[in-house]
Amino acid sequence: MKEAPQTIPTLWTRVNEFREIYPQHVLDLNSTIYPWIYSDREDDYNYCHFWTNFQLADLSFFRSEAYQKYFEYLDKTGNFFYERWGDAPVQTIAAALFLRKEEIHFFNEIGYTHSIATHCPYDEQLLRSCSCDVTSNYGLALFGVILLYKSKFSYNTYYCNSSKDCYELLKDKAKQFQQYSGINEYFIKDQEEEQKKWNTVSETSMAVDTVDNKVIIADDDDDNDASPEELEYQRLTNTSLPRVKGAFVVLARNSELYALRSSMRYLEDRFNRKYNYPWIFLNEQPFTEEFKELTSMMTSAQVYYGLVPEEHWSYPEWIDKEHAAECRKDLENRGILYGGSESYRHMCRYQSGFFMLHPLLDDIDYYWRVEPGVKFSCDIDYDPFRLMQERDLKYGFTIALKEYFETIPTLWEVTRDFVQNHPQYIYPRTRKDSLLGIISDDNGWSYNLCHFWSNFEIASVKFMRSEGYQAYFRYLDEAGGFFYERWGDAPVHSIAVALMLKRSDVHWFYDIGYKHDFFEHCPTEDKWLLQSKCYCDPETTFDINPGACTPRFLEVMNKTATSFIVTRPDKDDY
């Protein structure tokens, strides 16, 4: 990139003085990248430099007599303090004076972002393991200058100016890129080694057979004294077992492609590279070929693309569209988030009652909802889908918080009417394992606004398609609150869970680090954090925020956070 001229007004003058005083240290400039930093027209420095917040370098170069003399000369001018000379232009100019072209390498294959600048590989095979957006590449405008000289490493010589152009470029140039980089053979070898590793683990850990659809485990001798929890964890981490009927389900627009690729990269790296669960993508508009190509690149699992039926993303006949528009305008004027958004309401309605009915979900028992732009900060070594199956769970979450009352002023009133009219669907609140206390502090008279944040949820398709849940959704839908107010799918799902399920049906995925927007869940058990592989800061977890409902959940469940830890340490950590 280019340096800001006002920060180094005298740097080039001092560099030229150094060249005159110490010519013995300066190489033949035709053999260096000097033409890249020098402007013939201006007879001056063109301000190009390598951004040194990422650099891999030979320490002997920076300790060399040439570099140290150069730095000493510049330092004595005082302009690191009188001006604002940066290490990036200083080190780049040194590289142009003291190193040969072939001693400098452009790491095209390393995707990297710092602040607002991104480098994203252009090669199609490389993009299979990257989540970055080639169209946001800072190198489109500036980094390419380094390739003015010939080098066997410089295989990135093609540029594009739009997402469509980049997509076509990637397809057309893939073979040519591969012959320079050899990256295709690298990935094949890497995948083979990974598969061998997991095959070895599966063969040595336990033998598996199935009888009447039940899994029978023949444990090694070392596991004869294993606890029930340890035996369960062996099953949850055994990739040789028949895969549970589960899938990731994503509602996304074509414009969210790169945010979604980022989410997929996190989940594939943290979990799915071992378990290979399929991805189901849904959209109210047809997916583009670019979207399909670039999302399928991110996983070796099966991918499916579905269109949302028009009747599921439009106004039902009983909605007064003019009144709905007036309501949106009122909420927008009051500064309510998404208050004026029409598409947001269609999305919330669809996520509340229709997505689980899509035919692509017909053959799965559990779905894991994934949103574009989310982050998973911990390795997920066990299979959450298998946990749902083994424990007969119906619903799982990571973050619980309070809803904005202004968005759902009549939701609880309508819900109470439903309960009175359809008591057959409601789990008795008098039972000790009732979940009503999560959403109501006064035994059901009012709603305390607590809900599970549904942008992450792992749930039973059967429950979401059940007669009780669908009857509840239809009752809400006919009341019009999705359009006249701003009812969200999160409180709708949560209220249904709290009214229709019991304690043993719900699980807090405490050990899955997760972040969406500004809200983050990060495990806070010190010992567990040492045994897992997380990068999140426990102090940032929303669970300890005054607006969090997780403490209320734990109180109702009569459990602690530790009760929900599934991840177990390696044997070496015991």
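A residue counts as buried here when its relative accessible area is under 20%. By that cut-off, helix α23, spanning residues 550-557 of this predicted model, has Thr-550, Phe-553, Leu-554, Val-556 and Met-557 buried. These five sit on the same side of α23, because they cover an arc of only 165° around the axis. As for what lies over them, the cover includes the strands β12 (395-397), β13 (400-402), β14 (450-452) and β16 (506-508), along with helix α17 (436-439). Just past the end of α23, Asn-558 takes a positive phi of about 60°.

Phe-553 turns up again in the largest nonpolar core, a set of 67 residues. Together with Ile-439, Phe-452, Tyr-472 and Val-506, Phe-553 is among the residues with the most contacts inside that core. The biggest contribution comes from helix α21 (residues 489-500), which gives seven residues. Val-506 shows how the pieces come together: leaving aside neighbours within four places in sequence, its contacts include Phe-553 and Met-557 of α23, plus Tyr-395, Phe-397, Phe-452 and Val-497. In soluble globular proteins, nonpolar side chains tend to be buried together.

Some nonpolar side chains do end up on the surface, though. Leu-337, Tyr-338 and Tyr-404 make a nonpolar patch there, with about 330 Å² of accessible area together. Tyr-338 belongs to the loop between α13 (321-333) and α14 (342-353), and its relative accessibility of 40% makes it partly exposed.

On the charged side, the count comes to 23 salt bridges. One of them ties Arg-391 to Glu-232, with N to O at 2.9 Å. This pair links distant parts of the chain, since Arg-391 is in the loop between α15 (384-390) and β12 while Glu-232 is in helix α10 (residues 228-236), 159 residues apart. Arg-391 is partly exposed at 33% relative accessibility, whereas Glu-232, at 13%, counts as buried.

Glu-289 and Lys-292 also pair up, at 3.8 Å from N to O. They are three residues apart in helix α12 (residues 289-296), so about one helical turn separates them. Glu-289 is exposed at 51%, and Lys-292 is partly exposed at 27%. Another bridge joins Glu-102 to Arg-100, with the closest N and O atoms 3.2 Å apart; here Glu-102 is exposed at 52% and Arg-100 partly exposed at 40%. Finally, Asp-392, Lys-394, Lys-502 and Asp-505 are linked in a salt-bridge network.

Definitions and conventions: Residues are numbered from 1 along each chain as its sequence is written. This is a predicted model: local features need pLDDT of at least 70, side-chain atom pairs count only at pLDDT 80 or more; totals for chains, interfaces and linings use all residues. Side-chain values use heavy atoms; hydrogens and water are left out. Buried means under 20% relative accessible area, exposed over 50%, partly exposed in between (1.4 Å probe, protein chains only). Helices (H or I, at least four residues) and strands (E, at least two) are DSSP runs, numbered from the N terminus. The arc is that of the directions from the helix axis to the C-beta atoms. Contact means heavy atoms within 4.5 Å. Patches are made of residues with over 30% relative accessible area and no salt bridge: like charges are joined within 9 Å, nonpolar side chains (Val, Leu, Ile, Met, Phe, Trp, Tyr) within 5 Å. Accessible areas come from the Shrake-Rupley method with a 1.4 Å probe; for residues, only the protein chains shown count as cover. A salt bridge is a side-chain nitrogen of Lys or Arg within 4 Å of a carboxyl oxygen of Asp or Glu. A nonpolar core is a set of buried Ala, Val, Leu, Ile, Met, Phe, Trp, Tyr and Cys residues joined through side-chain atoms within 4.5 Å.
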